[in-house]
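Okay, thanks for coming, everyone.

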Amino acid sequence: MFDMSKIENSMSAFENTGNRLETEFIGNINKTKYNQMAYEYLFGNPAKKEKDPDEKFAKTLKFKEEAERVFENTLALSDKDKYIDFKNSMNLVEKSQIGDPENPNLFFAKNLLNTLRDKFTEDKYIIKFFTATGGTHLDVKHKIDCFFKIYDKESGEELSYATVDLSSNPKKQDCRADVLINISNEDKSKFDNSRNNDEFDKSFVEEKMSRYADDISDAIVKNYKNNN
């Protein structure tokens, strides 16, 4: 019998990892680092138990090669024998960030994080942004493109989080994430603040960011209440 699920999984994985909107707006994780940590989580790392320096070096090289080979094709993240649950997927993503989660480089992510900060008391909380795109289980299997976490500023304790699905499909209404952000191709250029872009619309961006931040802050509060 022909298995349609394989095609559906392949299409889903492509849509979640090959989206230019995600790369330009929220960036990607360090794929090499993620591959190695995901592989170690699933299959272990023999090099860590090796005491002989030469053997340790050889096993380390083999481990890195295997990690790259296994996850060379992002569709492998959809395989049942390579499944990683939501919590551990999120943990691996956090450790695979490029740059500072408190100060993202990309305009959209930075602006959204700063707008979200305004929703909370600055001297009490720390808020961080994490992208999950670029080939992760969180993106491909759990349908999360990015997430925000809030921490107690004094103790450093993690208090809550909110997940986000970023889509360029204006018809999309349902998602697994806490918040769905739809940005149509027509509106995309309005977020581009590069010097030569005449279509950048500051008022439009501010209005959208405020709305997105409201939804994300509501999700943070809701998740906090549900988990405490």
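This is a predicted model: local features need pLDDT of at least 70, side-chain atom pairs count only at pLDDT 80 or more; totals for chains, interfaces and linings use all residues.

Residues are numbered from 1 along each chain as its sequence is written, and side-chain values use heavy atoms, with hydrogens and water left out.

Let's do the cysteines. C175 is partly exposed, at a relative accessible area of 30%. C146, on the other hand, counts as buried, at 3% relative accessibility. So why don't C146 and C175 bond? Their sulfurs are 11 Å apart, which is too far, and a disulfide here means a pair of cysteine sulfur atoms within 2.5 Å. Searching the whole structure turns up zero disulfides.

Next, T136. You'll find T136 in the loop between β1 (125-131) and α7 (137-140); helices are DSSP runs of H or I, at least four residues, strands are runs of E, at least two, and both are numbered from the N terminus. T136 is buried, with a relative accessible area of 0%. Who does T136 touch, leaving aside neighbours within four places in sequence? That would be I29, Y34, L77 and V93, where contact means heavy atoms within 4.5 Å. A polar atom of the T136 side chain also sits 3.1 Å from the backbone nitrogen of D139.

On to the cores. By nonpolar core I mean a set of buried Ala, Val, Leu, Ile, Met, Phe, Trp, Tyr and Cys residues joined through side-chain atoms within 4.5 Å. The largest one has 29 residues, and F108, F148, I181, I183, F191 and I216 touch the most other members. Elements giving two or more residues to this core include α6 (107-117), β2 (146-152) and α9 (202-226). The biggest contributor is α9, with eight residues. There's another core apart from this one, with 23 residues, among them A67, L92, I144 and F147.

Last one, I181. Not counting residues up to four places away in sequence, I181 touches F108, L112, V164, D165, L166, S167 and Y212.

Conventions
Buried means under 20% relative accessible area, exposed over 50%, partly exposed in between (1.4 Å probe, protein chains only). A polar contact is a pair of N or O atoms within 3.5 Å; within protein, one must be able to donate a hydrogen and the other to accept it, and residues adjacent in sequence count only if both atoms are side-chain atoms.
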